[in-house]
Amino acid sequence: MPYDLYTHCGIDEARVGSTYFEAVSPLSDGSGNPPDGWGNPTQRGTMTLKPGGKAVFTDDAGHEVRFRARPGASTFKRICA
């Protein structure tokens, strides 16, 4: 499905519907921003849901981020300002 991934404070979490996901390998520039080559505050791409509570974000720039569901989560782990 088309997806705008929130990247403003790095790539760490995503929400699809009512399911909250966390990145298997979070990405940042070391200062809480997205790495070079990523849009800010979002990156447009595609989120593909996989069996077992997994999801994969990809985009036309060649980025790929794997996510796993956080069972029982009802909000993000941290709120980015």
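**Close-up 1. Tyr6, a partly exposed residue in strand β1.** Tyr6 has a relative accessible area of 40%, so this residue counts as partly exposed (buried means under 20%, exposed over 50% and partly exposed in between, with a 1.4 Å probe and protein chains only). Tyr6 belongs to strand β1; strands are DSSP runs of E with at least two residues, helices are runs of H or I with at least four, and both are numbered from the N terminus. This is a predicted model, in which local features need pLDDT of at least 70 and side-chain atom pairs count only at pLDDT 80 or more, while totals for chains, interfaces and linings use all residues. Residues are numbered from 1 along each chain as its sequence is written, and side-chain values use heavy atoms, with hydrogens and water left out. Which residues does Tyr6 touch, not counting those up to four places away in sequence? They are Pro41, Thr42 and Cys80, where contact means heavy atoms within 4.5 Å. Along the chain, Tyr6 and Pro41 are 35 residues apart, yet 6.0 Å separates their C-alpha atoms.

Close-up 2. Step on to Thr7 and you are in the loop between β1 (2–6) and β2 (11–16). Is Thr7 buried or exposed? Thr7 is buried, because its relative accessibility is 0%. Leaving aside neighbours within four places in sequence, the contacts of Thr7 include Asn33, Trp38, Pro41 and Thr42. A polar atom of the Thr7 side chain lies 3.5 Å from the backbone nitrogen of Thr42.

Close-up 3. How many salt bridges does a search of the whole structure find? The search finds six, each a side-chain nitrogen of Lys or Arg within 4 Å of a carboxyl oxygen of Asp or Glu. One of them joins Arg70 to Glu13, with the closest N and O atoms 3.5 Å apart. This pair links distant parts of the chain, since Arg70 is in the segment after β6 (64–69) and Glu13 is in strand β2, 57 residues apart. Glu13 has a relative accessible area of 10%, so Glu13 is buried.

**Close-up 4. Glu22 and its salt-bridge partners.** Arg68 and Glu22 meet through their side chains in a salt bridge of 3.3 Å, N to O. Here too the pair links distant parts: Arg68 is in strand β6 and Glu22 in strand β3 (residues 19–27), 46 residues apart. Glu22 also forms a salt bridge with Lys77, the closest N and O atoms being 3.1 Å apart. Because Glu22 is in strand β3 and Lys77 in the segment after β6, this pair ties together parts 55 residues apart in sequence. Arg68 is partly exposed at 38% relative accessible area, and Lys77 is partly exposed at 44%. A network of salt bridges links Asp12, Glu22, Arg68 and Lys77.

**Close-up 5. Aromatic rings of Tyr20 and Phe76.** The structure holds three aromatic pairs; rings of Phe, Tyr and Trp (its six-membered ring) pair if their centres lie within 6.5 Å, and planes under 30 degrees apart count as stacked, over 60 as edge-to-face and the rest as tilted. Why is the pair of Tyr20 and Phe76 edge-to-face? Their planes stand at 90 degrees, with ring centres 5.0 Å apart, so the pair is edge-to-face. Tyr20 lies in strand β3 and Phe76 in the segment after β6, so the pair connects parts 56 residues apart in sequence. Tyr20 is buried at 9% relative accessible area, whereas Phe76 is partly exposed at 31%. Elsewhere, Tyr3, Trp38 and Phe57 form one aromatic cluster.

**Close-up 6. Asp60, an exposed loop residue.** Asp60 is found in the loop between β5 (54–58) and β6. Its relative accessibility is 87%, so Asp60 counts as exposed. From Asp60 to Arg44 there are 16 residues in sequence and 8.6 Å in space, C-alpha to C-alpha.

How values were computed:
A polar contact is a pair of N or O atoms within 3.5 Å; within protein, one must be able to donate a hydrogen and the other to accept it, and residues adjacent in sequence count only if both atoms are side-chain atoms.
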